Amino acid sequence: MQPINTLAFLFTLAFLLTGCSSSGPSDSLKIGSIFTDIVHYHPSFYSKWDVTPNSSIRFTVSVSISDTQGTDNLSDLYFHDKTNDRYFDMLGGPDNLTKEECYYPEFNIFECRYYSSIDINRVNLANWEVVVENKQGKVNRKDFEFLLPGGDQINDEHFVYSSVYNGSTNNGIAALEAMTTINNGLLFSSNPSLQSFHIEFDNTDNRATHYSFDFYNATANISYIAKTRPDSPSIESMPIIENQKTSIDIPWSEITLYDNNTINDINGLHIKLYDEPIEWLSDDLWFNFISYSEFLTLSP
């Protein structure tokens, strides 16, 4: 399980989940809106850190929980893949997870990112539930399903699979394209005289409607140190068009740097693609499908 820590970013990405309460809900303990995303990683994403297993599909669950005595009164919160009988904890559980693991008080939601250890390259779309219990032993449940790109409801689709998945794809749907240098003409260079980075790519997935950039340094740990948002002025003025090259110069002024890093520390890049977003919380947006391209290092 890998918690995410970028909720302050307006455009996080993933799947709106719908559902209905099951048997015996408590009026004092309620499950609100549920959102998820499915993220497709190029194999270079985790391999650059020697992380194992190198899962190419991970998924986020975001859920609001209300209890009349507050969230400190909750004892256990998890979601359940009923098809495979797999459990994913957000609070409590065998590891006694605390609120700090997955709770974001500024949004009053629990949110974490996970992968399935039994199939690291796919995720089921249906037959899920969220379960919450408080310290008085009251329990509530809510069934949900993942949505398709753009927020469409699933029909005959059973699962989402990555580019390295090697099983049957019957009743499956491909994850959002994780672009590669060979297939998508990826390019990353610097133009100090213009104080900008030049980035090129050729998206071939018609479900991808937005993009952004994550930047990394050249240390041994290859740390994530900066980003450019999907709503940055330069990106908004250069929308992606399927099967056409996107060629963009990102001014350094549009890059958000973290932890006292500077532009000179940037040496690596992932290009992120997103599907058409849906509404999230109060007038914010949520992406259901996200992908990370092959890792690029800055051209000389």
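Among contacts in the protein between residues at least 6 apart in sequence, 70% link residues that are at least 24 apart. The model under discussion is a predicted one. Its secondary structure consists of 4 helices and 23 strands. The radius of gyration is 20 Å, close to the 19 Å that the globule rule gives for 300 residues, so the protein is as compact as a globular protein of that length. Along the principal axes, the C-alpha atoms occupy a box of roughly 65 × 45 × 35 Å.

**Burial, surface and charge**

Of the 300 residues in the protein, 51% are buried. The accessible surface amounts to about 13400 Å², and carbon and sulfur atoms account for 45% of this area.

**Nonpolar cores**

The largest nonpolar core contains 58 residues, of which Phe201 and Phe213 touch the most other members. Strand E3 (residues 57-67) supplies the largest share of this core, with 5 residues. A second, separate core holds 11 residues, including Val39, Tyr41, Phe45 and Tyr274.

Which residues surround Phe201, leaving aside its neighbours within four places in sequence? Its contacts include Phe213, together with Met179, Leu186, Tyr211, Ile240, Ile271 and Leu273. Also among the contacts of Phe201 are Asn184, Gly185, Gln244, Lys245 and Thr246.

**Backbone features**

Most residues other than glycine have a negative phi, and most peptide bonds are trans. A cis peptide bond joins Thr52 and Pro53, with omega at about -5°. Pro53 is located in the loop between helix H1 (44-47) and strand E3.

Asn243 has a positive phi although it is not a glycine, and Asn260 likewise has a positive phi without being a glycine. The table sets out the values for these residues.

| Residue | Phi | Relative accessible area |
|---|---|---|
| Asn243 | about 65° | 49% |
| Asn260 | about 65° | 80% |

Asn243 is situated in the loop between helix H4 (233-236) and strand E17 (245-251). The loop that holds Asn260 runs between strand E18 (256-257) and strand E19 (268-274). Are these residues exposed or only partly exposed? Asn243 is partly exposed, at 49%, whereas Asn260 counts as exposed, at 80%.

Terms used. Residues are numbered from 1 along each chain as its sequence is written. This is a predicted model: local features need pLDDT of at least 70, side-chain atom pairs count only at pLDDT 80 or more; totals for chains, interfaces and linings use all residues. Side-chain values use heavy atoms; hydrogens and water are left out. Helices (H or I, at least four residues) and strands (E, at least two) are DSSP runs, numbered from the N terminus. The radius of gyration is taken over C-alpha atoms; the globule rule is 2.2 Å times the number of residues to the power 0.38. Buried means under 20% relative accessible area, exposed over 50%, partly exposed in between (1.4 Å probe, protein chains only). Contact means heavy atoms within 4.5 Å. Accessible areas come from the Shrake-Rupley method with a 1.4 Å probe; for residues, only the protein chains shown count as cover. A nonpolar core is a set of buried Ala, Val, Leu, Ile, Met, Phe, Trp, Tyr and Cys residues joined through side-chain atoms within 4.5 Å.
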